[in-house]
Amino acid sequence: MAWIDSLFHRMVEVGASDLHMTSGLRPLFRLSGDMTPIDGAPVIGPEEMRGVLYEITPERNRAEFEESSDTDFAYEVEGLARFRANLFMDRNGPGAVFRQIPSEVLTAAQLGLPKACLDFCMLSKGLVLVTGPTGSGKSTTLAAMIDHINKTRTDHIITIEDPIEFVHRQQRCLINQREVHRHTQSFKRALRAALREDPDIVLVGEMRDLETIEIAIETAETGHLVFGTLHTNTAPSTVDRIIDQFPADRQNQIRTMLASSLKGVIAQTLCKKKPKGRAAALEILVVNTAIAANIREGKTHGIVSSMQMGGKLGMRLLNDSLLELVRSGSVEASEAYLKSVNKDDMLAKLQSIGANFDPSKFGEGAESPAAIGALPNSASQSAARPTSPPAAATPAPAPRAPIPQQPAAPATAAPATPASPQPKGWTDPFEQFKKQRPS
């Protein structure tokens, strides 16, 4: 077993979404949205870090990393989970981030996807986009939608991903999953080839460049259902982003093509859930006649008002979804305000339901970070090491409430303490790794 596998087991055990590895620091988990040091894990120097990462890195990706200083691949611990890996270099040396991908695809019911999202799965042709910032759960939502199609239709699905994340098993559909740089050279090359592979549905893991976007729109226009992702925060801005990718002399043509091919946009944002976990707020755009006209005529500013009147079709704005999470008690009002794009409208909505918080404490950059607490079973070690971060020796903080920003405590280097007792359930194979390293 690779040394890093023990961190992956702990990651799944505590429910962390990401593992961050940085040379010269202890590894950290992203736990319920917060960066949390792993008690008991050693500080890893640059040379040791390279050895730890290369132990699980495929040969092709090692060569790519040595040449370009970053690479992406997928790594699987049998019977545990898959992990999307990105290796990079920074001023400290080699580093990596690993995103946990559950072995089992979460269903639409488990994610609580609304009916409008499932209706997109029943389309015969058109373009459906799932958008949001990095780490907002786009891949999880798309995987659930493909899983729903796999259970309810009898079609041929081709996915083009970098890397393959969720693995779909054959159910009622035939699914071919292709990985960029492993099974094909690029998204655009695989997308062009897909037209000769008799697909009914094509999933494009990321629409990165103008040519990929253009081929995706053309594929949707030729009678296929195309799913894709973009890094945009709202549904109207998604339309603008696509059109702005093209030269000015082609934008009128693209507006016409997009008006006829775009069927829907799901823009999502992850919020910190009470008392822990994450909850997704969804903005849903269903393209009807009015919205298609807005796109065709370049009046994208009118999309918002059309969405406000489209509730019967399942349309909703991000602020409405955030307000629903606050009303249900899933998310704090301050968290909803922070994740909102239109903050004035969000504030008015929160005040209308009696939410009591001071928005002046939550302006841009004014959020007070939550204290970083120890992971489960680490209290004994935290008490034994006075130089550990203070929050690790105190009880976990209550659910986030609006508080004044506190000045940051002075940084204190945590000396290595090999004699410290390790937390329950933690086994540290690092000593064995160092012994195996050539001198």
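Biologist: At what angle do α13 and α15 pack, and how far apart are their axes?
Modeller: In this predicted model, helices α13 (318–327) and α15 (343–352) pack at about 35°, and their axes lie 10 Å apart. Axes are lines fitted to C-alpha atoms, for helices over the stretch in contact, and angles run from 0 to 180 degrees between N-to-C directions. Helices are DSSP runs (H or I, at least four residues) numbered from the N terminus, as are strands (E, at least two).

Biologist: What makes the crossing of α13 and α15 right-handed?
Modeller: A crossing is right-handed if the near helix is turned clockwise from the far one by less than a right angle, and left-handed if anticlockwise. α13 passes α15 in the right-handed sense.

Biologist: Which residues of α13 and α15 meet?
Modeller: N319, D320, L322, L323 and V326 of α13 meet D345, M346, K349 and L350 of α15, where contact means heavy atoms within 4.5 Å. By class, this contact has five nonpolar, one polar and three charged residues. Ala, Val, Leu, Ile, Met, Phe, Trp, Tyr, Cys and Pro count as nonpolar, Asp, Glu, Lys and Arg as charged, and the others, Gly among them, as polar.

Biologist: Why are α7 and α8 called roughly parallel to each other?
Modeller: Angles under 35 degrees count as roughly parallel, over 145 as roughly antiparallel, 65 to 115 as roughly perpendicular and the rest as oblique. Helix α7 (residues 187–194) and helix α8 (residues 210–221) pack at about 20°, with axes 9 Å apart; α7 and α8 are therefore roughly parallel. Their contact is made by F187, K188, L191 and R192 of α7 and by E211, T212, I215, A216 and T219 of α8. The crossing of α7 and α8 is left-handed.

Biologist: What makes α8 oblique to α10?
Modeller: The axes of α8 and helix α10 (residues 251–261) come within 9 Å and cross at roughly 50°. That angle makes α8 oblique to α10. Here I217, E218, A220 and E221 of α8 meet M257, L258, S260 and S261 of α10. These residues divide into four nonpolar, two polar and two charged.

Biologist: Which residues lie nearest the centre of the second largest pocket?
Modeller: Its lining has 13 residues, and E283, V304, L317, N319 and N342 lie nearest the centre. α12 (303–308), α13 and α15 each supply at least two lining residues, and the largest share, three residues, comes from α13. By class, the lining has five nonpolar, four polar and four charged residues.

Biologist: Where is the cis peptide bond that ends at P163, and what is its omega?
Modeller: The cis bond joins D162 and P163, with omega about -10°. P163 is in the loop between β8 (156–161) and β9 (174–179). Another cis bond runs from K274 to P275, with omega near -10°; P275 is in the loop between β12 (262–272) and β13 (278–286).

Biologist: Which residue has a positive phi although it is not a glycine?
Modeller: S32 has a phi of about 55°. S32 lies in the loop between β2 (28–31) and β3 (34–37).

Notes
Residues are numbered from 1 along each chain as its sequence is written. This is a predicted model: local features need pLDDT of at least 70, side-chain atom pairs count only at pLDDT 80 or more; totals for chains, interfaces and linings use all residues. Side-chain values use heavy atoms; hydrogens and water are left out. On a 1 Å grid over the protein atoms alone, a cavity is a set of points where a 1.4 Å probe fits but cannot get out, and a pocket is an open set with protein on both sides within 12 Å along at least five of seven lines; lining residues have an atom within 4 Å of a point.
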